Amino acid sequence: MIPWHVAAARLGQGDLHPGGAEATSTLLGWLQELPEGPVLEIGPGLGLSTLRLLERGRAVEAIEPNSELARLYRQRTGVQARPLRAEELGLMHEGRYAAVLAESVLYGTDLPLVLRAIAGALQPGGGLLFSEAVWCEGTSAAEAGRLNTESDRRFGIPMASAEPWGWGDWRRMIGEAGLELVREERLGEGSPGGPTREGGWAGAVRDPAAALGMARLRWRQRGFERGEARVESWIGMARRRSRPE
Ligand SMILES: C[S@@+](CC[C@H](N)C(=O)[O-])C[C@H]1O[C@@H](n2cnc3c(N)ncnc32)[C@H](O)[C@@H]1O
């Protein structure tokens, strides 16, 4: 099975994160409050957010562990992503980045470790910008596990973190990592979002296997809405503290 996010990227669909292009636009507005300097994007997928950053004159670096996505990303943005996982961020330059952007990426990582690594990669005063799906408070470990297994089976990707972390847990872990949450916004039920589709049907004509894969994924989506009722979507900005508390 082609995982959903890979099939989407092959078809020219990006912004595969909560709130879609509109959420990214809010995050890029918040970016203005951070120092000038290079931006690191973690798990950029197709690269639509990178393109927006480049249009704004920002220098962008990226890490992308999926080689197929890294190839599509390079084709679209001209940026060569390093083949690293967020957990390996310690290998990057300490204190280099004015901002780190992660959209629908952190939930699938070793979050406490990765948040600390991001804090280390940021300049003092620099900030992490993110858009993520988070379990609703009170979701049990068994329920989170069951929904993630079901999502993985149907779409090749889990719904939210492996642990049943709610927004309160995320806030605590962000603070413990040496970051200060300065902006946070829960995206409402009806907030627009969903993938940005570029190039109409051209992607399907170019890559019929991905188009067929996506049609199968849509079929598997039927009846899975109850799972989505257990997650909520958050965007935020967390700055690196000048010195630890
Ligand atoms: C749901 S897609 C989101 C892609 C893009 N950020 C967007 O919003 O459209 C998740 C992305 O995170 C990447 N990814 C998954 N696990 C990762 C990890 N441990 N470290 C870095 N990137 C990861 C995937 O390869 C993919 O590019």
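Trainee: Which conventions apply to the model and its numbering?

Mentor: The model is predicted: local features need pLDDT of at least 70, side-chain atom pairs count only at pLDDT 80 or more, and totals for chains, interfaces and linings use all residues. Residues are numbered from 1 along each chain as its sequence is written.

Trainee: How are the strands arranged in the sheet?

Mentor: Helices (H or I, at least four residues) and strands (E, at least two) are DSSP runs, numbered from the N terminus. Two strands pair if DSSP finds at least two bridges between them. Here six strands form an open sheet of mixed pairing, in the order β3-β2-β4-β5-β8-β6. β3 and β6 stand at the edges with a single partner strand each, so one side of each lacks a neighbour in the sheet. Neighbouring strands are turned by 15° against each other on average, direction ignored; axes are lines fitted to C-alpha atoms, for helices over the stretch in contact, and angles run from 0 to 180 degrees between N-to-C directions.

Trainee: In which sense does β2 pair with β3, and over how many bridges?

Mentor: β2 pairs with β3 (residues 60-63) in the parallel sense over four bridges. Within this pairing, Val39 stands opposite Val60, and Glu41 stands opposite Ala62. The chain passes from β2 to β3 through helix α3 (residues 48-55) in a right-handed β-α-β crossover. A crossover is right-handed if, with the strands pointing away from the viewer, the path from the first strand over the helix to the second runs clockwise. After α3 comes Gly57, with a positive phi near 80°.

Trainee: What joins β2 to β4, and what follows from β4 to β8?

Mentor: β2 and β4 run parallel and are joined by four bridges, with Ile42 opposite Ala102 in β4. β4 and β5 are also parallel, over six bridges, and Val100 has Leu128 as its bridge partner. β4, α5 and β5 make a right-handed β-α-β unit. β5 and β8, in contrast, run antiparallel over nine bridges, and Leu128 stands opposite Ala238 in β8.

Trainee: Which residues of β2 and α5 are buried?

Mentor: A residue is buried if 20 or more other C-beta atoms lie within 10 Å of its own, exposed if 12 or fewer, and partly exposed in between, with C-beta atoms placed from the backbone. Both faces of β2 are covered: Val39 and Glu41 are buried on one side, Leu40 and Ile42 on the other. In β5, eleven of the 14 residues are buried.

In helix α5 (residues 111-121), the buried residues are Leu111, Val114, Leu115, Ala117, Ile118, Ala119 and Ala121. Their cover includes β2, β4, α7 and β8; two residues are in contact if their C-beta atoms, placed from the backbone, lie within 7 Å.

Trainee: Why does Asp152 count as partly exposed?

Mentor: Asp152, in helix α6 (residues 141-155), counts as partly exposed because it has 13 C-beta neighbours inside 10 Å. Leaving aside neighbours within four places in sequence, Asp152 is in contact with Ile157 and Pro158.

Trainee: Which residues are closest to the ligand?

Mentor: A residue is near a molecule or strand if its C-beta atom, placed from the backbone, lies within 6 Å of it. Of the 22 residues that surround the ligand, the closest are Leu16, His17, Gly43, Gly45 and Ala86.
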